[in-house]
Each structure stands twice: as structure tokens, then as C-alpha cells.
Amino acid sequence: MSLAARALEAGHLVAFPTETVYGLGADAENPAAVAGIYAAKGRPANHPVIVHLAPEADLSYWVKDIPAQAQALIKAFWPGPLTLILARAEHIPDAVSGGQDTIGVRCPSHPVAQALLRSFKGGKGGIAAPSANKFGHVSPTTAQHVINEFEQETQIGGLIASVLDGGQSEVGIESTILDLSRLDSHGPVLLRPGHISVSQLAAVLGVMPLAADVAAPRASGTLDAHYAPNTPVVLLASAELDSCIQNLLMTGKRIAVMAYAELASVSSLTAYLHMPKDPVHYAHDLYAALRELDLAAADVILVQALPDDKAWQGVNDRLQRAAFDSRDVLAQLLAKP
């Protein structure tokens, strides 16, 4: 662990596990190192990253102030999969914020991530880390996913100094992101749903967070199209799934399917994954499933739409972004023999 920490201190990149997904980390106070993250991922320079802190870290070093709402949420959910957007302290480089005056901070609960953070700068440093994948692609939930994604970058002399292996990520989707930087004018604003639900946040805050507005700070993983494999993804209601499969098969398409309900027939499919019927286990399996189906050499990945309720909000968010242009993709596939 000390070798990885020293690599970070020297300005290199290190991929490491968190309870959500694997992150690609750099010293958050080293703009050149943070630029290395953007270069490795192909990430737009104005798209902020999240700063990860050790449990004992001094949050007041990173932010201008810590409102009571943030203190209550930290007590309830840190360490854990919750990112808070707060006003950035002026001495912290804006490289981590995409040029904004806010900063996203969280304290991961994964033991490997915590050991790395405690070793890095004696536990006082922050590690800037988006997910360890090419920008817009499916996030990694194992060390092998990272290695597969960055094959050249992880070779000797590549951009990434090391990939720490902490097993499969427990949660499986990225952290919930809550904006607390505009409490006087907007109150708490949910920028990205995740494992920690809006109901859980409301129980601590005493108010229901608002939906993101056009003036909200930019945050990680909130673009319309995101989390997508190379194979086009089409999200379909249960009633449409069987008929769509038959129509595509008649045009000779190779079809991969991901569904939590039993299908009438799967023998003609190129690949099929039966998913869990509860949101926690579905989220845990989601990205590994998308990566597996992406390797099936199918023309399309059809995904059965999930229940539209708060328990599924985080998973629905990821699938809707992965399948952002579903209808256009489907129309093109059906039109081509």
C-alpha cells in the first residue's frame, strides 16, 4: 500500500477499489497529476472529479464551510457511497472541479481505499478519482475490468502506476451525489441517485432533496449519455421485449438480453443474462453484466426496463444513460436487413 501511496505523491496515477466502483486516482492538489486522469480517460476538462478523503481527514481544509446539513449526513452515511457538493476552499486547485467554485467530496468505506488514503500524505491528502474507465464507458467493479480497459496504460511505463485489487465492488454503481452548495437559494439538490436513496437523505435532512436544475453545479456521471458499453443498449418495457426479440431475429440480428423476468425462449439469443429481482443485487451485478454482454459480439443489448419506484432510482439512472438513444438505435436495427 505504501508503494501506491508514494506513486500518488510522485504525481502518478493509481487505480483502486471503492465500495461503489473502482476509481482512477491522483493527488487532488497536483493539477498536473489530475490532468493525467483526464488524459487517460479521454475526459472533458470541464467535467469535475470527486475527491476521496480518509475518515480522519480534515474536511474544513477542502471546503469553505461545513453546513449543519452536511455534518448530519456525514454522521449518518460516511464512510460510504455519498458525495457532497460544497463550496471549494480557495487554495484547492479548481482542476478537480472542472473550473467551478464547488468541490465534490466523499469518504469511501472500502478497506483498501481507506488504507491507501491513510498511507497517502499521512492521511491528510485527498485523492481525486473518477471511475477507472474510458470516459462514458461502463464503470469497472473489479481490478480485471480496469486492466482490460487500460491495457496499454497499465503496462510498464504507462500512465497508470498500479492497479490495487480489492475484489468486486460491493455496491456496484457510483455514489449518490447531493449538492449542498446552494442551501440558501435552493436547499439540498440531488444531482445523481445511488445506493443511498433520496428517502434516506430526506430522513436525515428533514426535507426531500430537490431534483437537479439547470443552474446546478456540474457533477461526475450526470451527462445524458454515459455508462455505455460499445454494443448499443436498448431499454424496453416488459410487454415489448419478446416481440422486439422476434422482430430483430427475423432481420438476422445477433441479440444479447439482460432481464430479471423469465423469457419465453432464450435458445435463439446470442447471449442472455438473468438478473436479480431486487435493486441492491441488481446494482451489484449491473456493470459486470453489461461488460460480459459487450463481449458477446451481438448487434444490440436489449435490457428489460425496471420498476419505476424510488428503490430502483439509482439503477434506472445508469441504464437510462447507457441507453440514451435507445429508440433511434432500435429503429435503425429494424430497418436494416
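This is a predicted model: local features need pLDDT of at least 70, side-chain atom pairs count only at pLDDT 80 or more; totals for chains, interfaces and linings use all residues.

Reader: Which residues lie nearest the centre of the largest pocket?
Author: Leu-190, Pro-193, Gln-313, Asp-317 and Gln-320. The lining has 16 residues. A pocket here is an open set of points on a 1 Å grid over the protein atoms alone, with protein on both sides within 12 Å along at least five of seven lines; lining residues have an atom within 4 Å of a point.

Reader: How much space lies in the largest pocket?
Author: About 360 Å³. A volume is the space filled by probe spheres set on the points, and grid points are joined across faces, edges and corners.

Reader: Which elements line that pocket?
Author: Strand E9 (189-192), strand E10 (210-211) and helix H9 (313-322) each supply at least two residues. H9 gives the largest share, five residues. Helices (H or I, at least four residues) and strands (E, at least two) are DSSP runs, numbered from the N terminus.

Reader: And by class, what is in the lining of the largest pocket?
Author: Eight nonpolar, three polar and five charged residues. Ala, Val, Leu, Ile, Met, Phe, Trp, Tyr, Cys and Pro count as nonpolar, Asp, Glu, Lys and Arg as charged, and the others, Gly among them, as polar.

Reader: What about the second largest pocket?
Author: That one holds about 290 Å³ of space. Its lining has 13 residues, with Glu-149, Asn-230, Arg-291, Asp-294 and Leu-295 nearest the centre. Helix H5 (143-149) and helix H8 (279-294) are the elements giving two or more residues. H8 gives the most, four.

Reader: Now cavities. How many are there of 30 Å³ or more?
Author: Two. In a cavity, a 1.4 Å probe fits but cannot get out.

Reader: What lines the largest cavity?
Author: 25 residues, with Ala-129, Pro-130, Ser-131, Glu-174 and Arg-192 nearest the centre. The lining has six nonpolar, 14 polar and five charged residues. The volume is about 230 Å³.

Reader: And the second largest cavity, how is its lining divided?
Author: Into eight nonpolar, five polar and one charged. The volume of this cavity is about 70 Å³. Strand E5 (residues 102-106) gives the largest share of the lining, three residues.

Reader: Is Cys-107 buried or exposed?
Author: Buried, at 2% relative accessibility. Cys-244 is buried too, at 6%. Buried means under 20% relative accessible area (1.4 Å probe, protein chains only).

Reader: Back to E5. What is the order of strands in the sheet?
Author: E7-E1-E2-E6-E3-E5-E4-E8-E9-E10, an open sheet of 10 strands with mixed pairing. Two strands pair if DSSP finds at least two bridges between them.

Reader: Why is one side of E7 and of E10 left without a neighbour?
Author: Because strand E7 (160-163) and E10 stand at the edges, each with a single partner strand.

Reader: In which sense do E3 and E5 pair?
Author: Parallel, over three bridges, with E3 covering residues 50-52. His-52 has Arg-106 in E5 as its bridge partner.

Conventions
Residues are numbered from 1 along each chain as its sequence is written. Side-chain values use heavy atoms; hydrogens and water are left out. Buried means under 20% relative accessible area, exposed over 50%, partly exposed in between (1.4 Å probe, protein chains only).
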